[in-house]
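Hi everyone, thanks for coming.

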Amino acid sequence: MFQVQRSPEIHDVVVIGSGAGGGTTVKVLTEKGVKVTLIEAGPMLNPNKDFKEHMWPWEVDHRGVGPNAENYFGKDIYPFGYFLAPNGYWNIPGEPFTVAEGSEFKWFRSRITGGRTNHYGRISLRFADYDFKPYSFDGLGTDWPITYDEMAPWYDKAEDFIGITGTREGIRSAPDGKFLPPIPPRVHEQLVMRAGKKLNIPVIPSRMAMLTKSIHGRAACHYCGQCGRGCRTASAFTSSQAMIFPAMKTGNLSIINNAMARELLVDDNGRVKAVSYIDKTTKTEKQIRCRAVVVAASACESARLLLNSKSTKFPNGIANGSGQVGRNLTDTVGYSLGGNVPALEGMMRHNSDGIGGMHVYVPWWELDKKNKDFPRGYHIEISGGYGMPQIGSFRGVAAKAEGYGSRLKDAIRQSYGAQVSFAGRGEMIPNEHSFCEIDPTVVDQWGIPVLKFSFRWSEYEVKMVQHMHRTFTDLIQAMGGTPNAKPFPQNASAVSVGGEIIHEAGTVKMGSDPKTSVLNKYSQAHEVRNLTVVDAAPFNGNPDKNVTLTIVANAWRSAEHLADEMKKGEV
Amino acid sequence: MDDVSRRELFRIVGQSMVLTAAGVGVLEPALAQHVHVALADAKSLSGGPNFVPKAFTKHQFATLRHLAELIVPGATESGAAEYIDFLSSRNTDLAAIFNGGFIWLDLYMTKKYGADFLTAKPAQQTEMLDKLAYRANRSVDVAGGVQFWTWTRNMVVDAYYTSPAGVKDVGFMGNGAMSEFSVPKEAVEYVMKRSPFANEG
């Protein structure tokens, strides 16, 4: 007989999800002596076993293409390559989602302690003053119920703790923070700096969550450039290693792994009284009672949990009186273009690994320009250098060079390290066509109704990638290079697919008016005081600054507020 | 890298960087270099003459070894044929491409030169490859071999450049550990001199 197991004990706080938001909440609360139970849908992370840092491709028979040649056939069990840190997927067997007709959407999910922070790009940019007040700035989107000045001290805390490289530049679109020393630019990056100077485009030291100095007992970076594979010395930030593992030592944290949150259960007063989850190991439902719940399951997963938590009091999903849960879905606008730069050919070989990712980047530089044909802006990420050869590294060169034998080898040697690529990461304006909702006809293998996505780029985003194409072409040509053949972007199909940049946000937004928003300025639900959401779901916009740093700062602020309210007996 | 050398790396990194009393990571450059060399110093990846192929006949495998060497000199020692055989034994779509390709190739060669690919004269072998390898040369009669060619070339390139020999050939010098990151001045000067910014000083 199917029996629900209910724990009689009442837990202080149950946190759902162990990524940036959940990890921060766990850290802040356990340090204050609050007893926290963390629910994670995947297994525990073991960096020594799971991270493939420093492995050469020849250490596995399949060299990284997958033991059944999966990546040759577009089967994405290793979406960013076999050597990437575990574990995240575009498609999880048994856990589908659906996409509305006429829409395209990709949804990257991690199921492991630390979530997507185990392998994220670690670009750490503060949102600017106007990012918190987008409507006041240009009449599009909605304002956050907080200002940059209110968030700034929390950015300070987050940066002090995480450890972020950078320099003070005084640029409005890229507010300065508390930085560790920057890292010297690689050769191709110095070339880009020259091109930028010529074109009046600022190229400044990147702001990345890697330790150029040892802090908080975490070792300084050893510059192998493999942060995406996971870092055993925890010199690149992860929620798992920097926040959750230390919290386990406080004695205040219990972790339940392989637990898929299913529903939030409410009492007669409409407050969360328990979390229902599926224990994936036994395939049974379990419930844990709690004083408060913090949802940090990732923007869309959190919206899904709220929408699936229906009761007499909340027939449209918990805390969803505004109808805003699942709405305002945004992702980052992505577009890239690379080129061959002959000046780099034949350069003396050297180790260009550095930190994983760019050492310099371009913050948005046309904030004050009048008569632009799209609102807001984008930043530019730069890649190049001598990467470790991987499966597929030279496929393009081989196809272009044709031939075989020593001629082919020469072409590969010549091209190696001579490619420079630019990736634009821009702000999408929330629109009424982009949202997620429950698909009433499909449940996953845990019996939980799944999400259905609707997504549409507007003309703003198309105009933005056109601007990117022109800018990247200019930069490559200024270096004396030739852009790779790529047609000028004509319509929305040239923009990255929604979800592809993995910066989903906005689906449980905060605001001062309960009629038009779900959460208050502390990310607590207007209607349910003991329910907090702290991933990127509360965001009122999705500026051209990667979401993680702001998730951490906002979750930190929210956790301290929750601890205060619990102390006062208000929660 | 075997387990011992990986353990060694983390022992070095751990001792030199995590435990430094001042909290500043210091890694001796000599040690860092030692790590890189130790890691890259791997043996030949070829299975040798007694290797028993899993997905192909002995003749097909010998053909593949020879083809690999023609495509990228050094690829045989880098285990390119073993790599393709291994994956073909685990993926039926891949096995079909190669099995069909070997049969197509030998039929074509026999019809044209009276000998299969392996026993044909070197000039006949390269005449065949020239027809497949250059888009402009691809006459209608070799259309059936193009898919096989493309897969073979791509996988041989993949195998070679993911081997110690290939890594050395392009000159990749990373995957080590160092206490600080620096960029050689000579490299910057070389590039700037060749760039449009040569006269900007």
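**Cores, sheets and a shared face**

Let's begin on the inside: the largest nonpolar core holds 115 residues, and the members that touch the most others in it are A:I16, A:V275 and A:V293. Helix α12 of chain A, residues 548–567, gives this core its largest share, nine residues. Before I go on, please keep in mind that this is a predicted model.

Which residues does A:I16 touch, once we leave out residues up to four places away in sequence? They are A:G22, A:I39, A:A261, A:V275, A:V293, A:V295, A:A296 and A:A297. There is also a second, separate core, this one with 89 residues, including A:V362, A:I412, A:F472 and A:I476. As general background, nonpolar side chains in soluble globular proteins tend to be buried together.

Now let's step back and take in chain A as a whole. Its secondary structure amounts to twelve helices and 18 strands. The C-alpha trace spans about 75 × 55 × 50 Å along its principal axes. How does the radius of gyration of chain A fit with a compact globule? For 571 residues such a globule would come out near 25 Å, and chain A has 23 Å, which agrees. Of those 571 residues, 57% count as buried. And if you take the contacts in chain A with a separation of 6 or more, 73% of them are between residues 24 or more positions apart.

Why do we call β8(A) largely enclosed by the rest of the structure? Because seven of its eight residues are buried. Strand β9 of chain A, residues 272–279, runs antiparallel to β8(A), and seven bridges join the two. In that pairing, A:E263 stands opposite A:S276 of β9(A). The hairpin these strands make has five residues between them, and A:G270 there takes a positive phi near 80°.

Next, please find the open sheet in chain A. It has four strands in the order β13-β14-β11-β17, with antiparallel pairing. At the edges, pairing on one side only, are β13 (378–383) and β17 (482–483) of chain A. Six bridges connect β13(A) with β14(A), residues 419–426, again in the antiparallel sense. One to look for is A:S383, whose bridge partner in β14(A) is A:S421. Helix α11 of chain A, residues 459–478, packs on this sheet and touches β11 (333–340), β13, β14 and β17 of chain A. The direction of α11(A) makes about 20° with that of β11(A).

That leaves the partner, chain B. It has nine helices and zero strands. Of its 201 residues, 38% are buried. For contacts with a separation of 6 or more, residues 24 or more positions apart account for 63% in chain B.

Notes
Residues numbered from 1 in each chain as written. Chains lettered and ligands numbered in written order. Predicted model: local features only at pLDDT ≥ 70, side-chain atom pairs only at ≥ 80, totals over all residues. Core = buried A, V, L, I, M, F, W, Y, C linked by C-beta atoms within 7 Å. Buried ≥ 20, exposed ≤ 12 C-beta atoms within 10 Å, placed from the backbone. Contact = placed C-beta atoms within 7 Å. Rg over C-alpha atoms; globule rule 2.2 N^0.38 Å. Pairing = 2+ DSSP bridges. Axes fitted to C-alpha atoms, helices over the stretch in contact; angles between N-to-C directions.
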